[in-house]
Amino acid sequence: MQTTRLALAAAALLVAGPGAAAEISRDAVETASYDGGPLPDDQNPLIVKLQVLLDRAGVSPGVVDGWWGENVKTALMAFETREGLDADGVLDPEAWQALGGPDASGIMSDYTVTEEDMNARIVDEIPDDWKKLAEMDWLGYTSIGEMLAERFHMDVKFFALLNGGLEPEAGDTVIVAQPGEPDTTSVARIEVSRSAEHVRGFDADGNLVAHYPATVGSAELPSPSGTHEVSAIAPEPNYTFDPENIPEADVDEKLIIPPGPNGPVGTMWIDLTEPTYGLHGTPDPASIGKVASHGCVRLTNWDAEELAGRVKQGVTVAFVD
């Protein structure tokens with residue numbers, strides 16, 4: 001039975017795996033509690049629970065992976081700001097209570113892989129060469145595991161850890177996180193912080209209603225300054241490779257790179273009135289906030305999709321330090 005095949009492999013990994021991996025399981029996440037004091041430094045069930053609760057509260061921590069980092073800290077700060085708490089990005093019992101931590105349940109759940117999942121447009125590999133990318137017609141996921149990890153806002157390595165490292169097949173029951181549903185609250189103004197590397201959205205009354213970790217520009221190609229506007233929204237966008245913007249690629253011609261979740265701009269493009277700049281998805285959600293982009297603002301695919309559903313043409317986008 002395929003469910004047993006996955007469960008036995010996962011159990012073996014969680015019991016015999018190295019270091020912190022042996023401590024993370026569905027039960028450990030569900031029963032994780034917080035009574036005060038500093039959070040653990042290792043990959044930990046409590047951090048998994050915190051990440052899922054932040055996601056459910058409408059402040060994105062990026063990928064769910066069980067590691068504390070700047071993305072989780074800034075998400076916690078956004079939650080504290082919104083709730084009128086001391087916005088220091090340090091978990092305390094008051095913030096834990098406000099997140100619903102003491103009574104939270106269903107942090108992880110079972111998901112049975114369907115035939116429809118197996119029919120997704122999976123590709124064998126995503127080449128590093130720009131010219132080879134341009135020859136493809138779709139830059140899809142490279143595995144069902146990668147697809148399911150993104151669907152449930154998980155790091156693909158963390159998904160593999162929980163599920164024995166095996167590639168799921170139809171009928172397999174896998175363990176997944178249960179993040180929040182997409183928030184549909186309208187965003188009237190976007191603020192992009194270059195120094196804190198996050199995107200925040202505010203409603204018409206100036207209330208903070210959205211927070212997403214982001215990768216913002218680079219030293220060679222910084223993001224724009226000042227205030228601009230959303231000019232268009234393009235799901236499943238292609239990408240125009242311009243050698244002037246990426247000289248290290250050693251390509252001397254413009255190329256049209258096809259769409260797909262593993263394309264350079266992921267599954268969503270929010271175009272700005274500043275030419276060539278936008279807010280968009282990424283083929284590598286675990287890199288958000290950690291690796292420089294080529295001048296634009298990069299979000300996880302699911303965050304870019306959610307934000308696109310909350311804005312319209314003319315929404316202002318301010319870049320701040």
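The radius of gyration of the protein is 20 Å in this predicted model. A compact globule of 321 residues would have a value near 20 Å, so the two agree. Along the principal axes, the C-alpha atoms fill a box of roughly 50 × 50 × 30 Å. Of the 321 residues, 51% count as buried. Contacts between residues at least 6 apart in sequence were also examined. Among these, 60% join residues at least 24 apart.

The protein contains 10 helices and 13 strands. Nine of the strands form an open sheet with mixed pairing. Their order is S5-S4-S3-S13-S7-S10-S11-S12-S6. Strand S5 (208-213) and strand S6 (215-216) stand at the edges. Each has a single partner strand, so one side of each is left without a neighbour in the sheet. In general, strands of a sheet pair through backbone hydrogen bonds, in a parallel or an antiparallel sense. Strand S3 (residues 189-193) and strand S4 (residues 198-202) are antiparallel, and five bridges join them. Within this part of the sheet, Ser193 stands opposite His198 in S4.

Helix H10 packs on the sheet. H10 touches S3, S4 and S5, and also strand S7 (226-235), strand S10 (268-272) and strand S11 (278-280). The direction of H10 makes about 55° with that of S10. Glu306 belongs to this helix, which covers residues 301-308. Glu306 has a relative accessible area of 16%. That value is under 20%, so Glu306 counts as buried. Leaving aside residues up to four places away in sequence, Glu306 touches Glu181, Pro182, Asp183 and Tyr212.

Helix H4 (residues 70-83) lies across S4 and S5. H4 runs at about 175° to S5. Met77 is found in H4. Met77 is partly exposed, with a relative accessible area of 26%. Beyond residues up to four places away in sequence, Met77 touches Ala87, Asp88, Gly89 and Arg200. Met77 and Asn262 are 185 residues apart in sequence. In space, 30 Å separates the two, C-alpha to C-alpha.

Aromatic side chains were examined next. A search of the whole structure finds four aromatic pairs. One of them joins Trp130 and Phe241, with ring centres 4.6 Å apart. The ring planes of Trp130 and Phe241 meet at 35°, so the pair is tilted. Trp130 lies in helix H7 (residues 130-134), whereas Phe241 lies in strand S8 (residues 239-241). The pair therefore ties together parts that are 111 residues apart in sequence. Trp130 is buried, with a relative accessible area of 18%. Phe241 is also buried, at 0%. Ring pairs link Trp130, Phe241 and Tyr239 into a cluster. An arginine also faces a ring elsewhere in the model: Arg189 lies over the face of Phe202, at 4.4 Å from the ring centre.

Terms used. Residues numbered from 1 in each chain as written. Predicted model: local features only at pLDDT ≥ 70, side-chain atom pairs only at ≥ 80, totals over all residues. Heavy atoms only, no water. Helix = DSSP H or I, 4+ residues; strand = E, 2+ residues; numbered from the N terminus. Buried < 20%, exposed > 50% of the residue type's maximum accessible area, 1.4 Å probe, protein only. Contact = heavy atoms within 4.5 Å. Pairing = 2+ DSSP bridges. Axes fitted to C-alpha atoms, helices over the stretch in contact; angles between N-to-C directions. Phe/Tyr/Trp six-rings, centres within 6.5 Å; stacked < 30°, edge-to-face > 60°. Lys NZ or Arg CZ within 6 Å of the ring centre and 35° of its normal. Rg over C-alpha atoms; globule rule 2.2 N^0.38 Å.
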